[in-house]
Amino acid sequence: IDLKPLGWDHIKEDPDGNMTFQSGVTIEKIRFQEFNNRHHALLHQICRDIAATPLRSMITVGGEVIQCPYWANLPVYFLAADANLVFMNRYEQEQCVTIRDYYDHPSSFNDLFLSSVSISAEKTRLNSLYFNLKETDFDYSTFNYLILYSGDFQQISIVLGGIQRYPIECT
């Protein structure tokens with residue numbers, strides 16, 4: 001489904017570095033987005049690792065989060081960053097949930113449309129280790145993980161992707 005005519009392909013960054021991605025934003029758009037927050041470099045790295053350019057131009061944030069094929073990279077990032085999802089019903093009423101809640105009960109959202117994904121700048125300021133295992137350079141992920149941690153290790157988030165349909169958070 002081409003969402004471009006709906007205007008659902010915008011990225012918003014507030015002065016504090018908090019980010020909102022509408023569901024129609026493509027991986028390629030994120031890859032070339034200039035962010036004010038230098039900590040979003042990890043997001044650029046992850047988007048560079050996703051498939052080849054023709055696919056990056058078609059894969060959307062909404063598709064990665066909702067369909068969540070086991071090889072998807074962005075859900076790992078969004079889960080580690082405690083992303084919030086905004087769903088809309090057919091009456092354009094919004095419902096905000098954490099990505100964790102969505103992945104725990106995805107069938108509860110079957111009649112809703114994902115309109116956006118938001119991440120707090122606080123999580124993006126953490127140190128990170130990201131790894132993506134794939135067969136060839138521009139291929140789908142076989143396995144990937146992301147670790148976000150504070151310098152004193154008081155905050156740590158480990159998320160594994162490629163093991164099952166939805167990413168796994170280890171705490």
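Let us begin with the aromatic side chains: the structure holds 11 aromatic pairs. Rings of Phe, Tyr and Trp (its six-membered ring) pair if their centres lie within 6.5 Å; planes under 30 degrees apart count as stacked, over 60 as edge-to-face and the rest as tilted. Both Tyr 102 and Tyr 103 are buried, a word used for under 20% relative accessible area, while exposed means over 50% and partly exposed in between (1.4 Å probe, protein chains only). Tyr 102 and Tyr 103 also belong to one aromatic cluster together with Phe 87, Phe 109 and Tyr 166.

Before going on, please keep in mind that this is a predicted model, in which local features need pLDDT of at least 70 and side-chain atom pairs count only at pLDDT 80 or more, whereas totals for chains, interfaces and linings use all residues. Residues are numbered from 1 along each chain as its sequence is written, and side-chain values use heavy atoms, with hydrogens and water left out.

Strand β3 (residues 84-88) and strand β4 (residues 94-98) run antiparallel and are joined by five bridges. Helices (H or I, at least four residues) and strands (E, at least two) are DSSP runs, numbered from the N terminus, and two strands pair if DSSP finds at least two bridges between them. Met 88 has Glu 94 of β4 as its bridge partner.

Five residues lie between the strands of this hairpin, and Glu 92 has a positive phi near 65°. Most residues other than glycine have a negative phi. Glu 92 sits in the loop between β3 and β4 and counts as exposed because its relative accessible area is 62%. Asp 82 also has a positive phi, near 55°. You can find Asp 82 in the loop between α5 (74-80) and β3; with a relative accessible area of 31%, Asp 82 is partly exposed.

Finally, look at the loop between β1 (11-13) and β2 (19-22), where Asp 14 is placed. Asp 14 has 28% relative accessibility and therefore counts as partly exposed. Its side chain makes a polar contact of 2.9 Å with the side chain of Asn 18. A polar contact is a pair of N or O atoms within 3.5 Å; within protein, one must be able to donate a hydrogen and the other to accept it, and residues adjacent in sequence count only if both atoms are side-chain atoms. A polar atom of the Asp 14 side chain also lies 2.9 Å from the backbone nitrogen of Asp 16.
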